[in-house]
Amino acid sequence: MAQAAAVAKPPAPPRRRRASATPRRLPYLLIAPAALLMLGFIAYPVISVFYYSLQEYNPTKPWRNGFAGFDNFVHAFTEDPLFWDSLVFSAKWVVVEVGLQLMFGLALALIVNQTFVGRALGRAMVFSPWAVSGVLTSAIWVLLYNSQTGITRYLADAGIGTYGTSWLSDTGTVFWAAIVADLWRGVPFFAILILADLQSVSKDLYEAAEVDGASRIKQFWHITLPHLKDAIILSTLLRAVWEFNNVDLLYTLTGGGPAGVTTTLPLYIANTSVDAHNFGYASALTTVAFVILLFCSIVYLRLSKFGGENK
């Protein structure tokens, strides 16, 4: 008994150390400074716009500044015809511009996706306009549309049209002249995104379709388009938002003219704030534009079933 009592008890198992929470939090701690900076740069302007939309704020008329409530919104919807004109033109601009960019971008992506001599150079030439800034694009097309040295003069030399014609100062031609200028820069955006998705389509699908006797049109309709669904939806949505907010190109090309026929809502907002110094009313218009874009984006994504399975 004494010997049994003298036998040492087996040592107790070591206690598990509590896992440190630091490794789990480390990624969040590393991105926290950048996230806070981004939040500050984004949240402050947004909150400021919502605040000033309820104010009467004009630095040139400080005696009239003060809380206005919803007066700015009421004035926009009931008393300002320029607001409705700019909103209608914005919708027309977005629908025509995005539709044409998608069509030409899809065609270019299908072309440069084929194998041919000089394909790398062809792709570089197709994508190069997207690398040009909006202001530089505007400057290029202002020179091309110049009545003395641009396209119209060479057409007049060929007997087409008359000398001194300016497409940007004619209400009948300015819309399509601006459309062409923006197409030159916007089409590569669609071509780049669609081409990237095209290259992930398995060639076995096309080979199987050819064995079954499917024509090129049927292959495009039943294989290519379903595969490109999400890429087309996303690129169309992004481009629609950018085109709605397009200011630099139209401001440089037409300034909203002639006679205000090319004034989009963002351009009207810019003129109201910068030229008229009516920052309160401009903030209200910006809030309206934000709500319109948010609503249209949600509806578009719901109707298009973005991210859903292709049937």
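**A guided tour of the predicted model**

The protein chain carries 22 positive and 19 negative side chains, and the centres of the two sets lie 20 Å apart. In this count Lys and Arg are positive and Asp and Glu negative, with His and the chain ends not counted; each charge is placed at NZ of Lys, CZ of Arg, CG of Asp or CD of Glu.

This is a predicted model, in which local features need pLDDT of at least 70, side-chain atom pairs count only at pLDDT 80 or more, and totals for chains, interfaces and linings use all residues. Residues are numbered from 1 along each chain as its sequence is written, and side-chain values use heavy atoms, with hydrogens and water left out.

**The whole chain**

Along its principal axes, the C-alpha trace spans about 125 × 75 × 35 Å. Of the 311 residues, 33% are buried; buried means under 20% relative accessible area, exposed over 50%, and partly exposed in between (1.4 Å probe, protein chains only).

**The annotated spans**

Next, select residues 87-300, which an unreviewed UniProt entry annotates as "domain: ABC transmembrane type-1". UniProt positions follow the numbering used here, feature names are shortened, and annotations may be inferred rather than shown by experiment. This span is 72% helix and 0% strand, and its end C-alpha atoms lie 18 Å apart.

The unreviewed entry also lists residues 174-196 and 281-301 among those under "transmembrane region". Residues 174-196 are 100% helix and 0% strand, with end C-alpha atoms 34 Å apart. For residues 281-301 the chain is likewise 100% helix and 0% strand, and the end C-alpha atoms are 30 Å apart.

**Stops in the loops**

Select A131, in the loop between α5 (119-127) and α6 (134-144). A131 counts as exposed because its relative accessibility is 72%. From A131 to A35 the C-alpha distance is 28 Å, and the two are 96 residues apart in sequence.

Move on to P258, in the loop between α12 (248-253) and α13 (265-275). A cis peptide bond, with omega of about -5 degrees, joins G257 and P258. A259 is found in the loop between α12 and α13 and has a positive phi of about 60 degrees, although it is not a glycine. At 79% relative accessibility, A259 counts as exposed.

Finish at H277, in the loop between α13 and α14 (279-304). H277 also is not a glycine, yet has a positive phi of about 60 degrees. With 31% relative accessibility, H277 counts as partly exposed.

Key. Helix = DSSP H or I, 4+ residues; strand = E, 2+ residues; numbered from the N terminus.
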